[in-house]
Amino acid sequence: MSGAAQVTKRAKYKISVKDPGTPGALRMNDQKLMFMPDNRNSGAKLVVEFKSIQGHKYTKEGSNKPPLINLANAQGGSYIFEFDSYADLHVCRDFVSKVLEKSKETPNAALEKSAVKLPDEQLSEEEMQLRIKLLQENSELQKLHRQFVGGNILTEAEFWAARKKLLDIDPSKKSKQRVGFKSAMISDIRPATDGRTNKVTFSLTPEIILQIFAEKPAVHRAFLNFVPNKMTEMEFWTKYCRAEYLSRTKNYHAVVAEAAEDEELAVFLKEDDILANEVRKKIRRVDPTLDMEADEGDDYTHLPDHGIFRDGTKESNELQSEHYRRTLLQDLNRHAAVVLEGRTIDVEREDSTRALAEALARSKRGNEGADNNANEERLDRTPRVAEIEDLQAPHCLPLAPLSIKDAREYFDSQQANTLKASRDSQASMKCSLSRQEAYGSVRDAISEIKDMGLSDPIVNPEVALKVYSGLTHNISSIKYHLGKNPRETVLDRLPSATKEKLLYHWMSIQELLKHFWSSYPITTPYLYSKVNRLKDALSNIYPQLEVYFWPEFTAFA
Amino acid sequence: MASAPSKLYSDDVSLVVVLLDTNPFFWSSSSLSFSQFLTHVLAFFNAILTLNQLNQVVVIATGYNSCDYVYDSSSTGNQSVGNGRMPSLCATLLQNLEEFMNKDEQLGKQEPEGRIACSLLSGSLSMALCYIQRVFRSGLLHPQPRILCLQGSPDGPEQYVAIMNAIFSAQRSMVPIDSCYLGAQNSAFLQQASYITGGVHHKPQQLDGLFQYLLTIFGTDLHSRNFLQLPKPVGVDFRASCFCHKNTIDMGYICSVCLSIYCKHLKKCSTCGSVFGQAQTQSDEPSATNRKRKTTDA
């Protein structure tokens with residue numbers, strides 16, 4: 001623990017705020033605080049354990065009051081100390097709050113202590129915190145931990161060894177779920193038009209900018225190239241917005257004229273060549289073993305006569321003009337593709353647009369590399385997969401043939417075994433007759449019947465009645481005991497307290513058995529002692545179960 | 001193997017293949033005498049045949065050394081023999097049974113050693129299944145078959161594999177195996193058989209009321225069982241017996257290739273010849289076969 005283990009300051013002990021107070025020295029350590037008055041005879045000596053202190057209050061610096069600290073104890077009384085300066089007050093206050101915090105955690109202190117007591121393992125602070133957090137969150141786990149590790153049946157390391165999966169989660173590495181792009185096309189920015197001054201105002205937020213970069217890689221590239229070399233960000237966006245505005249007007253010829261004038265503007269109006277490239281690559285990557293004719297003709301987004309143009313016209317003009325038009329379908333598809341790809345960077349993290357653009361470029365490059373590898377793999381796999389079965393050599397897989405021995409051998413050898421005494425045959429009645437006698441008696445019985453005929457009545461009526469009522473009782477009692485509801489288990493019919501106890505015992509037995517069986521084979525004395533400990537714990541459970549449950553079970557049966 | 005429902009004859013026509021235990025060593029030491037037993041059983045057969053004109057009963061005797069068909073109600077060669085004191089069913093059956101016992105005695109040479117010898121249940125089960133298969137293949141019209149096992153002799157662990165095979169093939173053909181155990185202890189094989197194939201298992205408490213038990217529980221045909229409540233056993237003994245010694249075991253080793261069960265660790269599987277990996281050397285390995293012994297005694 002950082003900080004002083006003990007604090008000593010001059011202070012005045014007051015019974016109440018108005019009390020002038022007895023001057024003296026106040027000393028505080030981990031366990032208690034002691035006040036020693038200057039005047040030994042005044043009798044205001046004070047020794048208070050921190051355990052009995054519930055809370056503390058103090059006066060704020062800056063108020064006109066003198067620096068006081070008020071420690072409230074469990075019985076409702078309070079101890080008030082006045083310090084010489086606020087600096088002293090702060091020191092004492094910090095110390096007191098630290099001690100009180102530590103004492104508040106005593107239920108977990110036991111956990112911490114047992115977690116800390118690891119002579120074999122070097123645990124980082126982080127891992128310990130994780131363990132403590134897991135135990136606090138999961139009360140079942142805490143019960144098990146307390147019972148076994150606290151009861152010295154299992155060590156800490158063994159307990160957690162079975163739960164590696166829980167400990168593996170590194171909370172810092174857990175990525176937060178990011179909000180995706182909006183489905184609405186916010187990059188389709190509409191300006192605010194001001195009728196009076198004939199000005200058109202576009203507003204761009206970082207979110208919109210990110211979407212623009214994601215959907216239009218040509219603009220992204222232009223941004224990286226032009227800003228800040230050729231023009232400032234403001235100029236860039238002005239040009240972009242102008243391009244957008246122009247393309248939305250029906251005045252097609254103005255668009256062409258402006259594009260011819262201004263190179264940079266033309267970039268925004270031209271067809272996005274990066275996109276076109278990507279689409280072509282995707283088409284090439286389609287697995288030819290699929291029964292589809294995938295070729296360049298499928299790049300329908302760049303075919304003439306496809307889709308409705310942005311400005312609502314349906315005619316198609318000369319080829320050159322194709323470059324300056326985007327269809328609604330193209331935009332929608334592109335937007336949908338971007339939304340589904342997901343977001344890889346957080347807008348808030350990037351300070352400037354430039355940083356945003358760079359981050360996006362980086363993430364794209366990373367994806368590209370992976371794509372290339374996947375592509376190569378796929379190309380390698382294709383010839384292997386598209387086998388023509390007739391032309392292949394027969395597959396000789398390196399398997400050892402399964403040789404099941406001739407079954408007759410097995411059954412014949414059982415003749416010898418039939419004479420061996422089975423350990424489980426609990427025949428209480430031994431046959432005392434010899435073979436001949438036995439067969440003779442059976443034959444006699446058959447002859448008897450042949451002569452006498454079947455007995456009359458076949459079954460005595462009272463016996464029959466008894467049998468019948470016994471059977472019906474049996475059937476109805478099974479129904480009673482097992483319940484009409486097939487999903488209802490025996491557990492549900494027990495009172496809930498018993499059920500919980502049963503489940504708790506079950507859980508602890510499972511845990512013990514898991515550790516017991518995992519320590520076989522016993523190769524070290526450590527394992528041997530561990531197994532003995534577990535065995536003792538297991539044998540302790542039996543009498544517990546009997547004591548708790550025997551009366552209930554007998555009533556149940 | 002087509003599914004049984006497609007070959008329905010009529011809802012409640014049944015073919016009952018009865019496996020009659022004729023182990024003389026059991027019957028000579030049983031509280032129910034063999035003649036009484038036969039009385040109950042013969043009356044029961046008559047009752048089944050009167051339930052429906054088309055019902056059929058086939059009786060297979062499970063002997064000590066052999067098994068054989070003893071009676072088939074559908075065969076036309078049932079001549080009335082002997083005096084007219086009993087229906088021809090009984091007379092024929094008794095005649096055949098006597099002949100069977102004679103043959104069986106001839107076949108066996110050794111005395112049983114102390115305990116009660118077990119009868120050849122696996123053999124009669126197989127014969128019953130073969131008969132039923134023949135019935136299945138006879139055409140579309142046939143009764144619904146089921147097997148009734150009247151057994152008193154204890155389980156023979158050496159027959160475990162054969163019985164389990166028979167049970168599984170019965171399950172596959174959807175033939176229920178009902179079992180009525182007349183001996184002193186419980187029969188794990190019969191419990192398993194009834195459980196797996198969907199039949200009824202019952203151990204009568206009062207053997208002199210056997211006829212009543214048979215009629216109430218085992219006389220019901222398969223269709224009626226959908227809406228009748230028959231006694232259900234509370235638990236089933238699922239223990240297997242090991243392939244090497246035929247002992248009944250709770251815990252053992254299983255070959256991962258052919259699933260044969262062994263009671264102790266082997267280097268090589270004796271059924272399929274697979275070689276097992278290196279075992280951990282354990283000097284005080286607790287025996288897995290005897291569950292009553294505590295594992296760590298040290």
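The lining of the second largest cavity is made up of five nonpolar residues, four polar ones and one charged. Here Ala, Val, Leu, Ile, Met, Phe, Trp, Tyr, Cys and Pro count as nonpolar, Asp, Glu, Lys and Arg as charged, and the others, Gly among them, as polar. This is a predicted model, where local features need pLDDT of at least 70 and side-chain atom pairs count only at pLDDT 80 or more, while totals for chains, interfaces and linings use all residues. Residues are numbered from 1 along each chain as its sequence is written, chains are lettered from A in the order in which they are written, and side-chain values use heavy atoms, with hydrogens and water left out.

Among the residues lining this cavity are B:Cys118, B:Asp155 and B:Phe189. A cavity is a set of points, on a 1 Å grid over the protein atoms alone, where a 1.4 Å probe fits but cannot get out; lining residues have an atom within 4 Å of a point. The second largest cavity has a volume of about 40 Å³, and the structure holds two cavities of 30 Å³ or more.

B:Cys269 is in none, and the nearest cysteine sulfur, that of B:Cys258, sits 3.5 Å away. B:Cys269 is also buried, at a relative accessible area of 0%; buried means under 20% with a 1.4 Å probe, protein chains only.

Definitions and conventions
Disulfide = S-S within 2.5 Å. Buried < 20%, exposed > 50% of the residue type's maximum accessible area, 1.4 Å probe, protein only. 1 Å grid on protein atoms, 1.4 Å probe; cavity = no way out; pocket = protein on both sides within 12 Å on 5 of 7 lines; lining within 4 Å. Points joined across faces, edges and corners; volume = space filled by probe spheres on them.
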